[in-house]
Amino acid sequence: MSSQTAADKDPIKIRGNAVMYIWMFLFIFGGLISCVVLIQNGLKFESDYALIYLGGGLIFFPFFLYEAIWALPSLVPGKVLFTIIPGNKGKIVSKKAEVEFFDIKNIDYKRNPINLFNEIYVETFDEKRIKFKTYNLLHEVNFYDIVDEHVYPHMEENAKVVWNRKITNDQLLKSMEYKRRNHEI
């Protein structure tokens with residue numbers, strides 16, 4: 001009989017933070033609305049700043065529209081960003097990819113330069129690079145907590161050393177005086 005409890009076998013569904021949903025919605029759609037208002041006021045030519053309004057609206061409208069198109073898949077209420085299957089043979093699973101804990105060589109949370117959204121990048125021992133999209137709905141500290149609690153105990157020793165170094169050297173975590181829950185270095 002396995003030593004894992006039933007609670008260890010239940011998948012953990014990682015969803016976006018409600019505050020991050022509100023922040024993203026306000027930023028993207030607030031920016032789109034602001035650009036439309038600037039363009040409308042600029043086209044009236046009633047102000048000495050009409051050309052500045054028009055130029056600012058026309059310059060930033062494509063950026064906010066581009067971000068809105070990228071963010072549309074995330075606006076489904078209760079969207080599961082990825083799922084963690086806990087345990088010794090656990091893995092991180094999304095609709096497009098999956099990676100087992102013991103196969104993780106390096107895991108990081110980086111900004112995608114194309115769409116400016118944070119994503120989880122996983123490098124495996126067989127040199128595969130796997131991305132898990134988060135649509136900026138997962139706060140960086142929540143990412144560190146999730147990996148530290150569920151993934152870290154089942155990683156290879158070399159990957160644990162890399163993760164420990166990453167936690168120790170991260171400026172955001174230092175400024176927050178971050179304390180690890182289950183693992184002391």
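The lining of the largest pocket consists, by class, of eight nonpolar, two polar and five charged residues. The model is a predicted one, and in it this pocket has a volume of about 380 Å³. Its lining numbers 15 residues, of which Leu81, Ser94, Lys95, Lys96 and Lys133 are the closest to the centre. Two elements, β2 and β7, each give two or more residues to the lining of this pocket. Strand β2 has the largest share, with four residues.

The second largest pocket comes to about 310 Å³ in volume. Here 17 residues form the lining, and the closest to the centre are Trp23, Arg111, Leu116, Asn118 and Asn136. The elements with two or more lining residues in this pocket are the helices α2 (18-44) and α3 (50-71), together with strand β5. Helix α2 supplies the largest share, five residues. By class, eleven of the lining residues of the second largest pocket are nonpolar, three are polar and three are charged.

As background, most residues other than glycine have a negative phi. Leu116 has a phi near 65°, a positive value in a residue that is not glycine. Leu116 belongs to the loop between β5 and β6. Asn136 likewise has a positive phi, of about 60°, and is not a glycine. Asn136 sits in the loop that runs between β7 and α4. As for solvent accessibility, the relative accessible area of Leu116 is 35%, so Leu116 counts as partly exposed. Asn136 has a relative accessible area of 18% and is therefore buried, the cut-off for that class being under 20%.

Strand β6, residues 118-124, is joined to β7 by five bridges, and the two run antiparallel.

Strand β1 runs antiparallel to β2, residues 80-85, and four bridges join the two. Within this pairing, Arg15 stands opposite Val80 in β2.

The structure holds one cavity of 30 Å³ or more, and the volume of the largest cavity is about 40 Å³. Phe82, Ile84, Ile92, Ile107, Ile120, Phe143, Ile146, Val147 and Val151 line it. The elements that contribute two or more of these lining residues are β2 and α4 (140-151). Helix α4 gives the most, with four residues. The lining of this cavity has nine nonpolar residues and no polar or charged ones.

These features belong to a fold with six helices and seven strands. Starting at the N terminus, the elements follow one another as α-β-α-α-β-β-β-β-β-β-α-α-α. What is the radius of gyration of the protein, against that of a compact globule of 185 residues? The protein has 21 Å, whereas such a globule would have a value near 16 Å. Along the principal axes, the C-alpha atoms fill a box of roughly 75 × 30 × 30 Å. Of the 185 residues in the protein, 39% are buried.

How values were computed. Residues numbered from 1 in each chain as written. Predicted model: local features only at pLDDT ≥ 70, side-chain atom pairs only at ≥ 80, totals over all residues. Heavy atoms only, no water. Pairing = 2+ DSSP bridges. 1 Å grid on protein atoms, 1.4 Å probe; cavity = no way out; pocket = protein on both sides within 12 Å on 5 of 7 lines; lining within 4 Å. Points joined across faces, edges and corners; volume = space filled by probe spheres on them. Nonpolar A, V, L, I, M, F, W, Y, C, P; charged D, E, K, R; others polar. Rg over C-alpha atoms; globule rule 2.2 N^0.38 Å. Buried < 20%, exposed > 50% of the residue type's maximum accessible area, 1.4 Å probe, protein only.
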